[in-house]
Every structure is written in structure tokens, then in C-alpha cells.
Amino acid sequence: MPYTITDFMNSFSAFASKTADIAMISVELREKLFQQTKGMEALNQQTVLLNRGVSAQIGFNKGLIDTYVESAAKSMVFENRNKELNKTFGITSGGAANLSQTIHKLANAHGFAGAQAIGYAVSIKKMLPTFDQQSKKGAKTAESLQRIQHLLTTNLGVTEQSTEAYSLYASKNGANADTTLAFASSLGKVLGDDAGTMGYMKQAIEGIAEAGADTQLQFGKIPGNLEIATIKAKALGFELDDLAATGKSLLNIESSIGDELEYQLLSGHRLVDASGNSLTNAYREATLRGNMSDAASTLNTILEQEGDVLENNLFAREKMSKLMGIDELTLSKALQKKKLLSSDSGLSVLMNLDGTELQTAAQAMLDNNQMSQEKFDEISKLNDTRTTNEIMDQQLKVAEESKLILKSMLTEKQADMMETNRAALTSKSSIDKFANDVMLNLSEKDLETFGAVNTTADRATLAKKNSEYLTAPIPEETSGIVTTPSKLEDAVIPAGYGSRILSFPEDSLQADVAFKNNDTIIAGTSLAGNGNASSATPGAATDAGIMAMARMIVAAINSKGSNLFGATSMNDSTYPS
């Protein structure tokens, strides 16, 4: 569609109107922003200046204080290392430093990093809030619990919650709680996992930790028995609490006998072993003796003998579930797992273990009911699931803390060093000297001056901001207007429909002329012809302009309306049809 002179005129008129609107808005903006700057005059009132001066002084001094405290913090190395002890134990920094010395001595003896040992002490405190980890009386127990913490949380990656539960189970051995680790560690040897690829120790420890305290107490009487029972239970798809629940269900003699008789009627089978002995009675006896290993073996026998019936007889399976105190879903999963492992000869070997073999193997690792450091190191090495990077990181930290000077500071001197450091930094003389020599302490007159400078700076900032706002570029109007025209030697601007402003450069002669709204203005860089910027002959530029207008009119007539402008010496055919 051709772009006509009328289209151009309409677009230009709309643009001019919007430009005028923006100019009016700019005038309003200038007025308001000027009043805003002027309105800050109240800030020069004396009390205001004084208050602003005080605020500025406080801000300046705060910066000085922050810098001083930040610099001083670098000398509080021992307090920073012990902050978890402060928080968890609820003790002073001095008390934490004394406790830290004891912990670092223990860590150094066992090859722990100091940060690790502090973490273990924090966990022990949460578990046993009233246990004194510094006393000579509790030293052996603290050592034993630290070993358990290290082996479980660091080497095996057991959760803090499970470690706490297992530590409480191990506490039945008192000061020698760590000896329980020997039984769990011996599982691999007893079960034929010499290569250590099955992770039996972690399975046993996590299984015991997941069991309720009542299960641990009742079935943890026989050393090594609960560890074996855990592996047996997991092989069948049960947890220790499941086996304990079955024992409690069978000890309800009246109801369990009735359920057993109903099962016999539904299945046609009696629950007896190859010798004709009652399997349910065997389970009751194992429960009363606290021998969960035997209870697990008995349950395995029941599932093995009754597997086909339970798999194919819904009513028999429901009755067995009720008799054994196990939900039907768990029982069904156990049957599936049992069938899957039916060809595994190792399962039979496992179920025949009664814990004696485990105790015998573990006993070789125990010395007078105590675990030597060598034996603990052996267990740690056999059950270390960390990566080489993690092991190396700990070893390097231990090596660093073993350096003579640092070792002496951590195990013997840190409490005294901390107190000396605190006294130097917090003494009245040190604080007064900093306050007098470094901090601002201005008079009222100086504070007013400080406030005035501050006010002037604020007003200058505001004025600069307002200036930038006022001189921000106005978004270009692009509806039909070509905002980046091609460079031409001269131009003809048609008459518009509104008032126009003509601006001249500062260094040029100001024209004493007023234009009408219907005037056509001609402008060019070489109106004198021959490419000259100006003419030496007076009136030459005017004559050239008249000639240019004439050529434009002739070209327009010759174009017969097909173009906005025909091709002339002034303009190319810029707007084709």
C-alpha cells in the first residue's frame, strides 16, 4: 500500500502532539523535584542537625567496633573450635576449654581428629546428659563410648540416631561398652565372609539400633546372640521387633493354642519338628530365655515346613498370621523371600548358628573383658567404609594435631591461653584505650557540623538523582515516524498543524523572524550550490532555496501524484508508490 504525503503528515502531527504532552509533563516533573530538594530545608534546623550528627557518629563508631571484633576473632581459635561444647553442654568458654583438653588427649590416643572427638562428645552428652566425661571415674566409659561413636558414625556411616540407640544397647557392658563391637565385627568370619563384601557388621548394628529398648533388654542378655538373630531375621525379611512380637503373641497361651488348633484343622498339619516337638513351645522357650537367635531359627523351620500350605491356602495363611502375631503382608513377603533363597545352602548354615560360634570368635578379640587399642584398630580397619580421600583427610588432620607445639596447646594449655586471651581483649584498660583513642567523641557543636555535612551530602545526592531523572532519554515514538533518516544534503519540511519552535546554535546570528503555522521551512548544508557550505554572495542562499522549492514543485507536478517527491537535485524518490 503506498505511503502518501497525507499519511506522513498525520503521523508527524500525532508525534508532535505527544511530544508537546511530554514537554508539559516534564515541566511538572521539574517543579515537583525542585520542591522536593527545596523541601529538605527543614533538615538544617539545629536539633535535626545534632541528631543527624549523633547518628553519623554512632554509625562511624559501629564500623570501628565491627572491624576490631573481626580482627580480635582471629585470636579466638580455641573458643571457635569448642563452640559446640559451649552450646551442647551449656558451659562457659573456660569450662569448654578444659573439657576440650580431655577430649583431645583421648583423640590423640585413639588417632581421632580433634573436631571428630568433639562431635562424639556432643553426641554422648545428648544421649547421657548427666554423664561426666571429664571425671577419672567415667574415663573408661567415655573412652568406650567414643570408640563406638567413631566406628559407627565415621567408619560405617551409621546415623547419629542409630548410633545413640546402639550405644544404649552396648551400655549393658558398662565401662566396656565397646566390647559389643567385637561380636558384630566377628560376624563376617563366622558367616564365611572373609573378604568383607557382605557388610554384616553394619547390618547387625543397624538392626539392633532399630529394635525397641524392650527388645534389646530382653534379648541382649547372651553375648553375640542378638547380632546373629539380626542377620537371621533380615534373611527372612523380618526385623528384631517382629520376632519379639511373635514371642509375645505365643506367650498368650490360651488364645495361641486355640489359633494353633484352628490352623491344624485348616491345613491338616501339626506345628512340630522332625522329632515331634512343638515348634510353638520352642519359640516360647526361646523368648523366655532371651535367645532370639533360637527364636529366629524356629520361625525359619515353621516357614520351611508350612511354606506350600501357606502359599496356597488363604485361610491357613490368615490363621498363621494371627497365631504368630505377624501381619499377613509381612508373612507373605517372608514366604516369597524364603522361596527365593531356598536353594541357598548358606541360609541353612546361618539358621543353625546359635551364637556360640560368634562368641568364640569374638572372645579371641577380647582381653579381660576389655578391648585393647590394637584390637580396636583392627576392627576399625576391617569395617572402614570411607573413601581413600576421607581416610587421608582424617590422617592429615591427626598428623597436624600431633605436632609438638599444637599438641601441647590442645591437650594442656588451651584453657590458660583462652583465659589470657580473653583478659587481654576484654580488660577495662584495653576497652577504654580503644574507646578514647579510636572512637569518635564529638562536642555538640561538632556534632551539628557533622550533621550539616551529612545533610549537604544527602541533598547533593538527591539533586544529582533528580537531575539524572530529568535528563533521562524520552522513549522514541515509532508509530509511522522514521526516527533515523538517511543523511541528505538538504531537506524540505512541509507545513504542520501546530506551533513550532526553531532553535539556532549559540554561536550563530539569531534570526529576527517569526514563522506562521502554514510556512514551509527549507534547510540545507549547500543551498548555495556546488557543495559549498555557505555563500559569499549575500542573498545567494535565499535564491538557492527558492530555486530548490521551484524544482520540488515542478517535480511534484511531473510525478502526477505517483510519488511523495520526484527525483530532483534536492531529493531522491524516497517514498515510492
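Reader: How do you know that residues 560–566 call for caution?

Author: The model is predicted, and over residues 560–566 the pLDDT stays under 50. The confidence scale runs from 0 to 100. Where pLDDT is low, the predicted coordinates should not be read in detail. The model does have 14 contacts beyond four places in sequence for residues 560–566.

Reader: Which elements of the chain have the lowest and the highest confidence?

Author: Strand β1 (residues 490–493) has the lowest, with a mean of 48, and helix α16 (residues 279–289) has the highest, at 94. Over the chain the average pLDDT is 79, and 73% of the residues score at least 70.

Reader: What makes up the chain in terms of helices and strands?

Author: The chain contains 27 helices and two strands. Of its 577 residues, 37% are buried. Among contacts with a separation of 6 or more, 69% are between residues 24 or more positions apart.

Reader: Why is Ser-167 called buried?

Author: Buried means under 20% relative accessible area. Ser-167 has a relative accessible area of 1%, and is therefore buried. Ser-167 belongs to helix α8 (residues 160–170). Leaving aside residues up to four places away in sequence, Ser-167 touches Met-127, Leu-145, Ile-148 and Gln-149.

Reader: What makes a group of residues a nonpolar core, and which members of the largest one touch the most others?

Author: The members must be buried residues of the nonpolar kinds listed for a core, joined through side-chain atoms within 4.5 Å. The largest core has 82 residues, and those that touch the most other members are Leu-85, Tyr-166, Leu-181, Phe-238 and Met-320. Helix α17 (residues 292–312) provides the largest share of this core, eight residues.

Reader: Which residues does Phe-238 touch?

Author: Not counting residues up to four places away in sequence, Phe-238 touches Ala-233, Leu-243, Leu-299, Leu-303, Ile-326, Thr-330 and Ala-334.

Reader: Which residues line the largest cavity?

Author: The lining consists of His-104, Ala-107, Asn-108, Phe-112, Val-398, Glu-401, Ser-402, Leu-410 and Thr-411. At least two lining residues come from each of α5 (93–110), α23 (388–401) and α24 (404–426). The largest share, three residues, belongs to α5. By class, four are nonpolar, four are polar and one is charged.

Reader: What is the volume of the second largest pocket, and which residues lie closest to its centre?

Author: The second largest pocket has a volume of about 480 Å³. It is lined by 22 residues, of which Ser-185, Gly-188, Asp-193, Leu-382 and Asn-383 are the closest to its centre. Two or more lining residues come from each of α9 (180–185), α10 (187–190), α11 (200–210) and α22 (373–382). Helix α11 gives the most, with three residues. The lining of this pocket has nine nonpolar, seven polar and six charged residues.

Technical notes:
Residues numbered from 1 in each chain as written. Predicted model: local features only at pLDDT ≥ 70, side-chain atom pairs only at ≥ 80, totals over all residues. Heavy atoms only, no water. Buried < 20%, exposed > 50% of the residue type's maximum accessible area, 1.4 Å probe, protein only. Helix = DSSP H or I, 4+ residues; strand = E, 2+ residues; numbered from the N terminus. Contact = heavy atoms within 4.5 Å. 1 Å grid on protein atoms, 1.4 Å probe; cavity = no way out; pocket = protein on both sides within 12 Å on 5 of 7 lines; lining within 4 Å. Nonpolar A, V, L, I, M, F, W, Y, C, P; charged D, E, K, R; others polar. Points joined across faces, edges and corners; volume = space filled by probe spheres on them. pLDDT = per-residue confidence, 0-100.
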